[in-house]
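Subject: Structure handover and notes

Hello,

The structure is pasted below, followed by notes on what was found in it. Please read them with the model open beside you.

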Amino acid sequence: MILSQLKTEQDVIVAIKEISGEDVRACYQCGKCTAGCPLSGAMDLMPNQILRLIQLGEYEQVLQCRTIWHCASCLTCASRCPKSVDPARVMEALRTILMRRGAVHVDIPTLPTQVLTEAPQQALIGGFRKFVGY
Amino acid sequence: MRVPYFPGCTLHSKAAGFDASARAAALALDIHLDELPYWTCCGATFSMAADSAMGLVAPTRILASAKDAGKLLTLCSFCYNTLKRTNKVIATDAERRRKVTTFIEEDYQGTVKIVHLLEILRDDLGFDALARKVVTPLKGLKVAPYYGCLLLRPADEMGFDDPERPTILEKFLASLGCEVVEFPHRTECCGSFVVVGAPDTARECSGRIVDAAAVAGAEVMVVSCPLCQYNLDRAQHDPANGGRAKAKVPVLYFSQLLAIALGCEPSCLHFESHAVDPRPRLSAWLEAPAPAPAA
C-alpha cells in the first residue's frame, strides 16, 4: 500500500486534529487502549483501529462506525497510553464533526419512560450532549 | 469550617439522599456546606472539543461565583470532573479564557480550588480523627468501594488519587469500622451516559461490576456519583426489565454510610429511592428505619 500524503491532509483529517488537539501519528499500535476499554465489547472498530485508520487517512470508515457512539469518555485509554495519546478526545472529535452536521444517535421520542423518569439528569444531559447534534 | 458548596442539578432531586446525608454528616463534623446562592447545571460533561468555548460557559460562571472564597466543594463526580477540567482550561488557555470571561463578564483566572468531601475528610480532618468521631461503627459490614472514572481521570488534572490503585475510599471505609472488600472492577466505567443511547451495553458494564463485587464477598457497594448509583442499582433488576447482573448488592452513596456511622437522623438517607433496598442489611445500625413504601 502506498501511503499518500494527500490522504492525510484532507479537510476531515485536519479537522480531527484541530478539534481533538491530538497527534494520532504518535500511536504505535500497542493496543492498551483497546485492552482496557470497558465498552469495547459493543464496538465494531476497536479504539486502536480507529487511530490506525486516521493515520492512513481512511476517514470514511471511521465516520461510519458504531464505536464512537458507544464511547463513555471514561479515559481508561488515555490514562494507559504509553505515548500520551488521548483516544477519547479523538472519539469526541469524530462525534463533534458528525453532530455539527446534524447527526442524531439517541432517538429521543422512543426513550423508555423508565429512563426518562428515573435516570439522573446527568445521564440525559451527558447523553444528549455526546450523541445528539440538534 | 465553612465551605461554599455546589450541589449540581441531580443532587437537588434524583439524588436527594446523597445531598441530605452529606450535609447531615458534614454538620456532625462541624463542616458547614454553604450552598452557592445562585447556580445552574454545570453541563454534566466536560466538552473536549479544543476549537470551541461554548461548553465552558456554564461551569466557568459557577467557578467565578466562588472566586472570592477561593474554594468550592462538590460531591457529584460529574460536577467535580467538569468543574476541575474547565478550571484547568481557564487557567492555562489564554485565548479561551479571554473569550469565555468576556462573554460572561467575569474577571476569572482559574483560581478556585475544587474539592471533594472525601478530600476534606482526608486532608483537613484526617481519617484517624474521623474514626474517633464515629458513634456507630459499622463492624462486620462488607463494603466494596466503587470509584468509577470521573473522580480519578485524567489523573494529572483530577489529582484525587492514584487512577489504577486508589486507596482513599478504602481508608475512609476502614475509619467507619467497615470490612473493606477489594474487587477488580472498582475503577472501571459503569457505562455512564451510554445508558441513554445504548442501554443494553451500559447494563453489561454495570452488571459485570456488580457481579465482581458480589463474588469478592461484598454485601453493599459505595459510590460518589448519582449516575453510577443508578446504573449499578438498576443493572440488578429483573433481566426481563433490562437488568444484567446476577447478584443483589445494594449501592449506597459514601455519605449515607458516613451519616449512619456518625449517628445522624435516618431521615437524611432516602433509601426508599434505591431499587435494591439497603435497609435489610443495614437494619442493625438504623435506629428508626424509614417506613416501607406503600405496596
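Helices (H or I, at least four residues) and strands (E, at least two) are DSSP runs, numbered from the N terminus. By that numbering, B:Leu11 sits in the loop that joins strand S1 (2-5) to H1 of chain B.

Two points on conventions come next. This is a predicted model, in which local features need pLDDT of at least 70, side-chain atom pairs count only at pLDDT 80 or more, and totals for chains, interfaces and linings use all residues. Residues are numbered from 1 along each chain as its sequence is written, while chains are lettered from A and ligands numbered from 1 in the order in which they are written.

To go on with B:Leu11: this residue is buried, with 25 other C-beta atoms within 10 Å. (Buried means that 20 or more other C-beta atoms lie within 10 Å of a residue's own, exposed means 12 or fewer, and partly exposed is in between; C-beta atoms are placed from the backbone.) Neighbours within four places in sequence aside, B:Leu11 is in contact with B:Phe18, B:Asp19, B:Leu75 and B:Cys76. (Contact means that the C-beta atoms of two residues, placed from the backbone, lie within 7 Å.) B:Cys225 is 214 residues away from B:Leu11 in sequence, but the two are 9.5 Å apart in space, C-alpha to C-alpha.

Domains of chain B

Chain B is assigned domain 1 (2-116) and domain 2 (132-282); such bounds come from an automatic or database domain assignment. Between the C-alpha centres of domain 1 of chain B and domain 2 of chain B there are 24 Å. Domain 1 of chain B puts 23 residues into the contact and domain 2 of chain B puts in 25 residues. On the domain 1 side, helix H1 (16-28) and H3 of chain B each supply at least two residues, and the largest share, nine residues, comes from H1(B). That side has 13 nonpolar, six polar and four charged residues. (Ala, Val, Leu, Ile, Met, Phe, Trp, Tyr, Cys and Pro count as nonpolar, Asp, Glu, Lys and Arg as charged, and the others, Gly among them, as polar.)

H3(B) covers residues 77-92, which makes 16 residues, and its first and last C-alpha are 23 Å apart, close to the expected 22 Å. (The expected span is 1.5 Å times one less than the number of residues in the helix.) Because 13 of the 16 residues of H3(B) are buried, this helix is largely enclosed by the rest of the structure.

The largest nonpolar core has 132 residues, and B:Met221, B:Val222 and B:Leu232 touch the most other members. (A nonpolar core is a set of buried Ala, Val, Leu, Ile, Met, Phe, Trp, Tyr and Cys residues joined through C-beta atoms within 7 Å.) Not counting residues up to four places away in sequence, B:Met221 touches B:Ala144, B:Tyr146, B:Ala213, B:Leu232, B:Val249, B:Val251 and B:Leu252.

Two backbone features are worth a look. The peptide bond from B:Arg153 to B:Pro154 is cis, with omega near 0°, and B:Pro154 lies in the loop between strand S5 (142-145) and helix H7 (155-158) of chain B. B:Ala44 is not a glycine, yet has a positive phi of about 70°. B:Ala44 is in the loop between strand S2 (32-35) and helix H2 (57-65) of chain B, and counts as buried with 28 C-beta neighbours inside 10 Å.

Chain A

Helix H1 of chain A (residues 11-20) has A:Ile16, A:Ile19 and A:Ser20 buried. Seen down the axis of H1(A), the buried residues fall within an arc of 85°, so they line one face of the helix. (The arc is that of the directions from the helix axis to the C-beta atoms.) A:Asp11, A:Val14 and A:Glu18, on the other side of H1(A), are exposed. The cover over the buried residues of H1(A) includes helix H3 (47-55) and helix H6 (87-100) of chain A.

Where the chains meet

Contacts between the chains involve 36 residues of chain A and 34 residues of chain B. H8(A) gives the most to the chain A side, with ten residues. The chain A side divides into 18 nonpolar, 13 polar and five charged residues.

Regards
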